[in-house]
Amino acid sequence: LCCECGQAHPLLDNHLYNFQDEVDDELICHICLQPLLQPMDTPCGHTYCFKCLENFMQEYNFCPMDRKKLSFQQCHKSSLLVRNLLDKLVVLCPFKAECQQTMQRCELEAHLQNRCPGFKKYKSELQRKRNPISKGKEELPAKGDTNTPKDPELPSGGSSLVAESSGAAVVSLGTAEPGLVNPAFEETEEGESLVQKTSLVAETTTIEIHREDPEEELGMRIVGGKDTPLGNIVVQEVLRDSVIAADGRIAPGDHILEVNGVNISSVTHCQAVSFLRHPGPVLHLMVLQEKGFSNRTAQQDPTSTSREVIHVTLVKRDRSEPLGIKLIRKTDEAGIFILDLLEGGLAAKNGKLSRNDRVLSINGQDLRQGTPEAAAQIIQTTESRVNFVILRQSGLQLGEPGEDGSTSNSSSSSSSNGGSPVHHRRRPDQSHYRRKSTYQKKTVAIKKEPKESLGITIGGGRDNKNKLPIYVTSVQPIGCLFRDGRIKRGDVLLSINGIDLTHLNYYEAVSALKSNAASHSVTLKALEILSLNCPEPALDIREQGFSWSPLWITWLGLPSYLHFCQDIVLSKGNLESWGFSIVGGFEESKGNQPFFIKTIVPGTPAFRDRKLKCGDEIVAVNGVPAIGMSNSELIPMLKEQRNKVTLTVVSWPGSLV
């Protein structure tokens with residue numbers, strides 16, 4: 001909960017208040033339709049919340065009311081009189097079950113911090129959850145405190161069923177990596193002139209994180225790893241009020257390349273979690289951050305200790321055969337460069353082209369100031385022999401990333417990724433990509449005393465942020481399930497005494513478990529995920545009780561009937577790209593692989609919508625199932641959607657570090 005307003009809301013959104021009386025329409029923001037917060041006046045005489053107007057102006061250049069041309073720099077704070085009127089609006093304490101006080105809006109924060117018994121109770125409960133110890137019976141939260149679930153009482157037992165607050169969204173099936181394709185970056189015909197002026201800027205940055213408590217979690221969720229289709233380790237969510245959030249430099253979508261000098265771009269998911277959970281007062285992270293599109297023009301070629309001009313000829317079997325090359329532009333250098341070579345493609349088999357090679361010409365046509373589109377046109381119209389002249393510079397390539405997912409089935413791309421680190425490519429470890437996540441169904445029948453507790457805590461529920469199934473967060477050493485030994489932490493609970501738990505919300509599941517725990521016999525059906533192979537036991541014991549949640553990779557084996565699909569509708573202008581890239585798709589050598597969101601570009605429709613997250617699996621596009629499609633089938637479908645597309649996705653929470 002927010003410490004200023006006492007309510008739950010996204011970090012970047014306005015505070016929420018319960019006003020005692022109806023507020024005059026003159027004091028209402030006509031963007032959020034709520035009483036104004038940090039009011040800002042426009043030159044045309046309208047007033048909006050600071051955050052509402054700032055977010056609106058990132059997308060539009062006119063006033064929301066009269067549509068007159070407007071820039072954020074032209075706006076200014078409202079008068080002191082207006083701000084005082086707003087601050088004096090009377091609000092109710094959000095903890096109405098424990099506190100019925102009213103006060104002026106400007107006094108609420110001080111009330112919560114110093115006087116409110118409800119907020120004090122919430123903070124002590126939060127502290128108790130962060131430092132779990134043995135407890136007696138507790139009560140369900142009052143109706144007015146739905147955002148802070150407490151531990152529902154179990155019959156005749158000291159342990160309890162506890163809600164698990166989980167973050168963000170990701171699913172993957174531990175499948176092979178068919179390659180990266182960029183509908184996000186490929187422009188429509190109307191946008192061809194635009195793409196020649198813009199580049200996708202990405203930078204590597206070293207960030208030093210300081211912790212007063214060396215054991216304190218960083219407060220971010222991660223996905224990816226070389227044993228997953230995503231390849232790299234990607235930040236999925238930054239938790240509010242965390243160490244990372246307080247630092248403010250790491251954002252969702254950032255790729256973590258190094259931890260304390262150790263390259264983690266070629267490690268498994270579990271190994272990356274272990275590195276990031278390692279305690280210490282100072283943590284050094286090297287991250288790759290995409291900054292969005294830029295229209296800067298490069299003026300000079302980079303200098304290098306060694307430069308070599310190389311001639312390479314590739315022979316196509318027919319005009320339509322792709323070369324398996326991804327070409328990009330950069331913001332700091334003129335010309336076009338090889339970003340990646342598709343494993344198994346014509347160029348990769350030839351072995352003479354490398355990542356970060358600058359293309360000087362193709363078939364005699366000068367491309368020193370060229371674009372990826374021009375190069376693609378030359379390649380696609382060539383019948384057989386494609387002659388490259390490339391410039392190779394030493395000293396620019398970094399360590400191996402393993403499988404970083406940045407490949408493409410197309411012969412070239414109009415994407416730009418200036419500033420991205422370039423790595424040597426190594427042969428894929430097929431044992432990782434062909435690993436199949438598995439699960440085991442089990443039925444546990446127990447005879448027990450009616451007053452004996454089950455002794456488990458649970459998380460998830462279909463009312464959860466990620467619509468998770470009910471799973472076990474701990475098995476306490478005082479209940480019948482601990483004595484039996486077959487139900488383990490992380491097991492997904494399917495039913496109890498024939499009552500289906502898979503579609504219940506958290507409190508419905510609590511009720512079902514409590515009512516059936518009072519009987520002489522209990523039959524539980526559950527799924528045990530068997531795919532996780534983490535040699536580090538610390539991964540499983542660092543988080544305890546209700547604060548524990550499964551690693552992201554453990555969700556990869558869930559059967560499809562436990563997936564919760566949601567529709568995300570994106571809208572864009574004619575000259576915009578969708579703003580995301582994907583990995584996955586059908587390949588003859590690897591079969592059907594799901595499509596996953598790998599990157600989301602700042603400032604694009606996918607970024608502004610805020611619902612799509614790195615690691616989401618694309619199940620369908622406009623209702624058409626994506627299973628069985630190849631890159632070359634799905635990408636045109638996405639590009640054909642001119643202004644609106646509906647993506648059906650499945651999401652799971654990333655691993656907390």
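Select Val624, which sits in strand S30 (residues 624–625). The model on the screen is a predicted one. With a relative accessible area of 36%, Val624 is partly exposed, because that value falls between the 20% and 50% limits that separate buried from exposed. Now show what surrounds Val624. Setting aside neighbours within four places in sequence, Val624 is in contact with Val619, Met629 and Met637.

Next, zoom out to the whole protein chain. How many helices and strands are in the protein chain? There are 15 helices and 32 strands. The chain has 657 residues, and 53% of them count as buried. Its accessible surface comes to about 29,400 Å², with 50% of that belonging to carbon and sulfur atoms. Consider also the contacts between residues with a separation of 6 or more: 70% of these are made by residues 24 or more positions apart.

Now go to the salt bridges, of which the count is 11. Select Arg105 and Asp87, whose side chains meet in a salt bridge at 4.0 Å, N to O. Arg105 is in the loop between strand S6 (102–104) and helix H3 (108–114), while Asp87 is in helix H2 (residues 80–87), so this pair ties together parts that are 18 residues apart in sequence. Are the two partners buried or exposed? Arg105 is buried, at a relative accessible area of 6%. Asp87 is partly exposed, at 31%.

The next pair to select is Asp247 and Arg249. Their side chains meet in a salt bridge at 2.8 Å, N to O. Asp247 counts as partly exposed, with 27% relative accessibility. Arg249 is also partly exposed, and its relative accessible area is 40%.

Move on to Asp357 and Arg392, where the side chains meet in a salt bridge at 2.8 Å, N to O. Where do these two partners lie? Asp357 is in the loop between helix H8 (346–350) and strand S17 (358–362), and Arg392 is in strand S19 (residues 385–393), so the pair ties together parts that are 35 residues apart in sequence. Asp357 counts as buried, with 1% relative accessibility, whereas Arg392 counts as partly exposed, with 24%.

Keep Glu217 selected and hide the others. Which part of the chain holds Glu217? Glu217 is in the loop between strand S8 (199–210) and strand S9 (220–224). With a relative accessible area of 36%, Glu217 is partly exposed.

How values were computed: Residues are numbered from 1 along each chain as its sequence is written. This is a predicted model: local features need pLDDT of at least 70, side-chain atom pairs count only at pLDDT 80 or more; totals for chains, interfaces and linings use all residues. Side-chain values use heavy atoms; hydrogens and water are left out. Helices (H or I, at least four residues) and strands (E, at least two) are DSSP runs, numbered from the N terminus. Buried means under 20% relative accessible area, exposed over 50%, partly exposed in between (1.4 Å probe, protein chains only). Contact means heavy atoms within 4.5 Å. Accessible areas come from the Shrake-Rupley method with a 1.4 Å probe; for residues, only the protein chains shown count as cover.
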